[in-house]
Amino acid sequence: MTTEEDSRRLAELGYKQELARTWSGFSNFAISFSIISILAGCFTTFGQAWNNGGPIAISWGWPLISVFILIIGFCMSELVSAYPTAGGIYWWAAKLGKPIHGWFTGWLNLVGLIAVTASVDYGCATFLNITLMRLTGGGWEGTLTQAFVLFVIVLALHALINIFSHRLISLLQNVSVWWHVAGAAIIVAILIFAPSDHQSLGFVFTGTNNASGFGDGSDGLPFWLYVLPLGFLLTQYTITGFDACAHVSEETQGAAKSAARGLWQSIFYSAIGGWVLLLAFLFAATNVDEINKQQGFVGAIFETAVSSPLATAIFAISTIGQFFCGMSCVTSMSRMTYAFSRDGAVPGWRLWSRVDRNRTPVNAIIAGCVVAALITLPALYAPPGFTTPVAFYAVVSIAVIGLYLAFLIPIWLRLRMGDKFQAGPWTLGRKYKVLCWIACVEIVIVSIYFIMPFSPAGVPGNADFAWTSVNYAPIAVGVVIIGIALWWALSARHWFTGPRRTIDEVPIP
């Protein structure tokens, strides 16, 4: 498909070509692959799975949940093929349903993208903090305050790159893919050949662990029905953000096919690469006591399994991968902010929908990064005995819930529309019914689990209850949902009509 044909299709959907359409199909795939980032999520949320389920939450949980996420991806690929617009998810919801569907989807998607940007950049800052501490021999103390300062610096750098290096962004996405592939391969090789011994197959594929404080060890229903599913946050968080393929579809050549293909392939290849990487972690996890002492922190594996220089190299490779990931998150988040503002949904929409002479939504980039910094402020504090702030996992949960609920609405609407849906060149055919149903059920179940307390100290009424241990994801998500519902009922329903046309005539080929 030529650029002219892409612009014509965009005009049919109601928009003139404002963003520069310079991205290749590979670059489109690359941004989602970079946001999924097995060098980010597999490292930063490894402890969540280790403490809640142990090895089986990783060796079996990862491929199991990956299959469900791939099904969600297939459903979304069909939608992006039919509607390749920067608004992506919310545009689909408004088109397939009513303005109210677009309203809720848009805000959930925007909140999710801002939260995922915050969580990725905070994870990057955490690993940079550790890398600096190791390189300086402890001269850099690596405190929570220093981690937060590094987080703000990383966030600012990502904003600047997105503002001033528009032409480089797609190139950097491509570089990011190869960094993730080569980096993961190097780390796996180090963990295979450097350790003096490895764990058994039995440990990796049948081992359990319950450091959550809930239930009685790894026996009984509480472990299998509550604790273990909490460990699945590792997979569900890592493999998310793939809606980026849709958000940059207005900048992608041949978007109706390449964006659809890029979306599901980014999930598929990340699932395979991530599983290999995680299995390497588990086989190298020989000092279980030390890993438990550090609350499942993945760095404890490297520190006890390989030499100090090799451990530092692993931290550095992951940190750079996470930096690429955060850069891609800002790109996706800013495009969503731009598109949603273009349709008048965001207060001050004229400001956020403005593009500069380089055709870059500068104001949207700045606004999203500022909000990302603000919602991460609670990460300045960690509960006594914890090395990772509960706020980090809360922001992770907000990202997962916001994004997946935003995916749920258009998938459900597409299922409801049935055969009346006008598919694009990439379609599920008759399989859409079973796949859409599976996707919807999985998202609902996951969203329920991730608003639950992570530890007994986070349960109101518990003797050890502490606000610093509370998973504030349900509070944040609840406030957002109630807020946008009230906003809709009291005001927006009178003026928000869904996507606005910015072009009067479709160009004649």
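Mentor: A residue counts as buried when its relative accessible area is under 20%. Keep in mind that this is a predicted model.

Trainee: OK. How many residues of helix 8 are buried?

Mentor: Helix 8 is mostly covered, with 27 of its 37 residues buried.

Trainee: What span should helix 8 have, and how far apart are its ends?

Mentor: Helix 8 runs over residues 99–135, and at 1.5 Å a residue it should span 54 Å. Its end C-alpha atoms are 53 Å apart, which agrees.

Trainee: And what follows helix 8?

Mentor: Gly-137 follows it, with a positive phi near 65°.

Trainee: Pick a residue inside the helix. Is Val-120 buried or exposed?

Mentor: Val-120, which is in helix 8, has a relative accessible area of 5%, so Val-120 is buried.

Trainee: Which residues is Val-120 in contact with?

Mentor: Leaving aside neighbours within four places in sequence, Val-120 is in contact with Tyr-237, Gln-322, Cys-325, Gly-326 and Cys-329.

Trainee: How far apart are Val-120 and Val-396?

Mentor: In sequence, Val-120 and Val-396 are 276 residues apart, while in space their C-alpha atoms are 8.6 Å apart.

Trainee: New topic. How many salt bridges are there?

Mentor: The count comes to seven salt bridges. Side chains of opposite charge can pair when their charged atoms come close.

Trainee: Where is Arg-414's partner?

Mentor: Arg-414 meets Glu-78 in a salt bridge, 2.8 Å from N to O. Glu-78 lies in helix 6 (residues 61–82) and Arg-414 in helix 21 (residues 390–417), so the pair ties together parts that are 336 residues apart in sequence.

Trainee: Are those two buried or exposed?

Mentor: Glu-78 and Arg-414 are both buried.

Trainee: What does Glu-250 form with Arg-342?

Mentor: Glu-250 and Arg-342 form a salt bridge, with the closest N and O atoms 3.0 Å apart. Glu-250 sits in the loop between helix 14 and helix 15, and Arg-342 is in helix 18, 92 residues apart. Both residues are buried.

Trainee: What about Arg-8, where does that sit?

Mentor: Arg-8 is in helix 1 (residues 3–12), and so is Glu-12, four residues apart, about one turn of the helix. The two form a salt bridge, their closest N and O atoms being 3.7 Å apart.

Trainee: Why would residues four places apart point the same way?

Mentor: Because an α-helix has 3.6 residues a turn, residues three or four places apart point the same way.

Trainee: How exposed are Arg-8 and Glu-12?

Mentor: Arg-8 is partly exposed at 27% relative accessibility, and Glu-12 is partly exposed at 37%. Arg-8 and Glu-12 are also linked with Arg-9 in a network of salt bridges.

Notes
Residues are numbered from 1 along each chain as its sequence is written. This is a predicted model: local features need pLDDT of at least 70, side-chain atom pairs count only at pLDDT 80 or more; totals for chains, interfaces and linings use all residues. Side-chain values use heavy atoms; hydrogens and water are left out. Helices (H or I, at least four residues) and strands (E, at least two) are DSSP runs, numbered from the N terminus. The expected span of a helix is 1.5 Å times one less than its number of residues. Buried means under 20% relative accessible area, exposed over 50%, partly exposed in between (1.4 Å probe, protein chains only). A salt bridge is a side-chain nitrogen of Lys or Arg within 4 Å of a carboxyl oxygen of Asp or Glu. Contact means heavy atoms within 4.5 Å.
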